[in-house]
Amino acid sequence: RINAAVLASALVLPSALAHGAEKAAFSPAADLKWINAGIPGVDTAVVKGDMKKGASHFYLKYAGGFAAPVHHHSPDHYATTVSGNLVLVVDGKEHRLPPGSYFAFTGKAKHAGRCEGTEACVMFIDARGPWDVVLPKKPPTGK
């Protein structure tokens, strides 16, 4: 007698593997194509997806000494600091994130950031939608 569970797994597993359920992707650092993000001192290198159209994975690089004012991004995003001395400020509190540190911003969380020292700060970002940088609206000036 053949066990039904064994038979089912024997039939399903090869089918899943044949359809490429698991694949590998590689992006050696030397092959990254860095482009300016439209902000002096900020560059990006996409490894998967299209930052303008939807979810993507990319590196974000701040030049040493760069400081970003308070802003937010529309998509939820999850990140790891790869290099540099990154400092993020949320609700007035500084968070020092050396290489290997993780951070996440969801729900359009407002934050500021800076790269301390001369070494560039590189982050790896998993963005769950089209990437943007939204600055707070300036209050209207009165007469």
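Helices (H or I, at least four residues) and strands (E, at least two) are taken from DSSP runs and numbered from the N terminus. The model described here is predicted. By that scheme the protein chain has one helix and ten strands, and its elements run α-β-β-β-β-β-β-β-β-β-β from the N terminus on. The chain has 143 residues, of which 29% count as buried.

**The largest pocket**

- The largest pocket has a volume of about 470 Å³.
- Its lining is made up of 23 residues, and A37, I39, T44, W131 and V133 are the ones closest to the pocket centre.
- Four strands each supply at least two residues of this lining: β1 (35-39), β2 (42-49), β3 (56-62) and β4 (67-71).
- By class, the lining of the largest pocket consists of 15 nonpolar, four polar and four charged residues.

**The largest cavity**

- The count of cavities of 30 Å³ or more comes to one.
- The largest cavity has a volume of about 70 Å³.
- Residues L60, Y62, H73, H77, L88, F103, F105, H111, M123, I125 and W131 line the largest cavity.
- Two or more residues of the cavity lining come from each of β3, β8 (102-105) and β10.
- The lining of the largest cavity has eight nonpolar residues, three polar ones and no charged ones.

**A nonpolar patch on the surface**

- I39, V133 and L135 form a nonpolar patch on the surface, and together they have about 240 Å² of accessible area.
- V133 is found in the segment after β10 (121-127).
- The relative accessible area of V133 is 42%, so this residue is partly exposed.

**Salt bridges**

- Side chains of opposite charge can pair when their charged atoms come close.
- The structure holds five salt bridges.
- E94, R96, R114 and E116 are linked in a network of salt bridges.
- E94 is partly exposed, because its relative accessible area is 39%.
- R96 also meets E116 in a salt bridge, here with an N to O distance of 2.6 Å.
- Because E116 lies in strand β9 and R96 in strand β7, the pair ties together parts that are 20 residues apart in sequence.
- E116 has 27% relative accessibility and therefore counts as partly exposed.
- Another salt bridge joins the side chains of R128 and D126, at 2.9 Å from N to O.
- R128 counts as exposed, at 52% relative accessibility, whereas D126 counts as buried, at 17%.

**Positive phi angles**

- Most residues other than glycine have a negative phi.
- D91 is not a glycine, yet its phi is positive, at about 50°.
- The place of D91 is the loop between β6 (85-90) and β7 (93-97).
- D91 has 80% relative accessibility, so it counts as exposed.
- K108, also a residue other than glycine, has a positive phi near 60°.
- The loop between β8 and β9 (111-116) holds K108.
- K108 is partly exposed, because its relative accessible area is 45%.

- W34 lies in the loop between α1 (4-18) and β1.
- With a relative accessible area of 31%, W34 is partly exposed.
- W34 and A45 are eleven residues apart along the chain, and their C-alpha atoms are separated by 4.6 Å.

Methods: Residues numbered from 1 in each chain as written. Heavy atoms only, no water. Patch = residues over 30% accessible without salt bridge, like charges linked within 9 Å, V, L, I, M, F, W, Y side chains within 5 Å. Areas by Shrake-Rupley, 256 points an atom, 1.4 Å probe, with all protein chains shown as cover. Salt bridge = Lys/Arg side-chain N within 4 Å of Asp/Glu carboxyl O. Buried < 20%, exposed > 50% of the residue type's maximum accessible area, 1.4 Å probe, protein only. 1 Å grid on protein atoms, 1.4 Å probe; cavity = no way out; pocket = protein on both sides within 12 Å on 5 of 7 lines; lining within 4 Å. Points joined across faces, edges and corners; volume = space filled by probe spheres on them. Nonpolar A, V, L, I, M, F, W, Y, C, P; charged D, E, K, R; others polar.
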